[in-house]
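The sequence and structure are shown below.

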Amino acid sequence: MKTIRVTNDTLRAIADLAILPFRSNAIRQDDGTWLLPVDDEVWQRIEDKRLAAESHDDTLTRIIREYRGLKPN
């Protein structure tokens with residue numbers, strides 16, 4: 001299992017899009033971000049979408065915005 005770092009907004013957006021009830025197992029960090037464990041398949045799918053110099057949080061934000069029909073940035 002891998003771990004990604006996401007912001008409050010991204011974690012909230014993931015929870016909002018969840019089909020089933022979302023049970024977060026993320027761990028809050030001192031800087032306000034969250035460490036979110038994801039399985040290897042999810043991590044690889046995020047990596048496949050990731051652009052150069054983009055964090056996992058940036059990638060997820062872009063994917064969520066595209067899914068919602070908004071501009072990616």
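## Arg62 and helix 3

In this predicted model, the side chain of Arg62 has a polar atom 2.5 Å from the backbone oxygen of Lys49. Arg62 belongs to helix 3, which covers residues 56-67. With a relative accessible area of 12%, Arg62 falls under the 20% limit and therefore counts as buried.

Three strands form an open sheet in the order 1-3-2, and their pairing is antiparallel. Strand 1 (2-6) and strand 2 (27-28) are the edge strands; each has a single partner strand, so one side of each has no neighbour in the sheet. Strand 3 (residues 34-38) runs antiparallel to strand 2, and 2 bridges join them. Ile27 has Leu35 of strand 3 as its bridge partner.

Helix 1, made of residues 8-17, packs on this sheet and touches strand 1, strand 2 and strand 3. The direction of helix 1 makes about 40° with that of strand 3.

Thr33 sits in the loop between strand 2 and strand 3. Is Thr33 buried or exposed? Its relative accessibility is 13%, and buried means under 20%, so Thr33 counts as buried.

When neighbours within four places in sequence are left aside, the contacts of Thr33 are Arg5, Val6, Ile27 and Arg28.

Which residues does Trp34 contact, leaving aside its neighbours within four places in sequence? They are Ile4, Arg5, Val6, Thr7, Asn8, Leu11, Ala26, Ile27 and Arg28. Arg5, Val6, Ile27 and Arg28 are also in contact with Thr33.

Trp34 is one of the 9 residues of the largest nonpolar core. In soluble globular proteins, nonpolar side chains tend to be buried together.

Technical notes: Residues are numbered from 1 along each chain as its sequence is written. This is a predicted model: local features need pLDDT of at least 70, side-chain atom pairs count only at pLDDT 80 or more; totals for chains, interfaces and linings use all residues. Side-chain values use heavy atoms; hydrogens and water are left out. Two strands pair if DSSP finds at least two bridges between them. Helices (H or I, at least four residues) and strands (E, at least two) are DSSP runs, numbered from the N terminus. Contact means heavy atoms within 4.5 Å. Axes are lines fitted to C-alpha atoms, for helices over the stretch in contact, and angles run from 0 to 180 degrees between N-to-C directions. A nonpolar core is a set of buried Ala, Val, Leu, Ile, Met, Phe, Trp, Tyr and Cys residues joined through side-chain atoms within 4.5 Å. Buried means under 20% relative accessible area, exposed over 50%, partly exposed in between (1.4 Å probe, protein chains only). A polar contact is a pair of N or O atoms within 3.5 Å; within protein, one must be able to donate a hydrogen and the other to accept it, and residues adjacent in sequence count only if both atoms are side-chain atoms.
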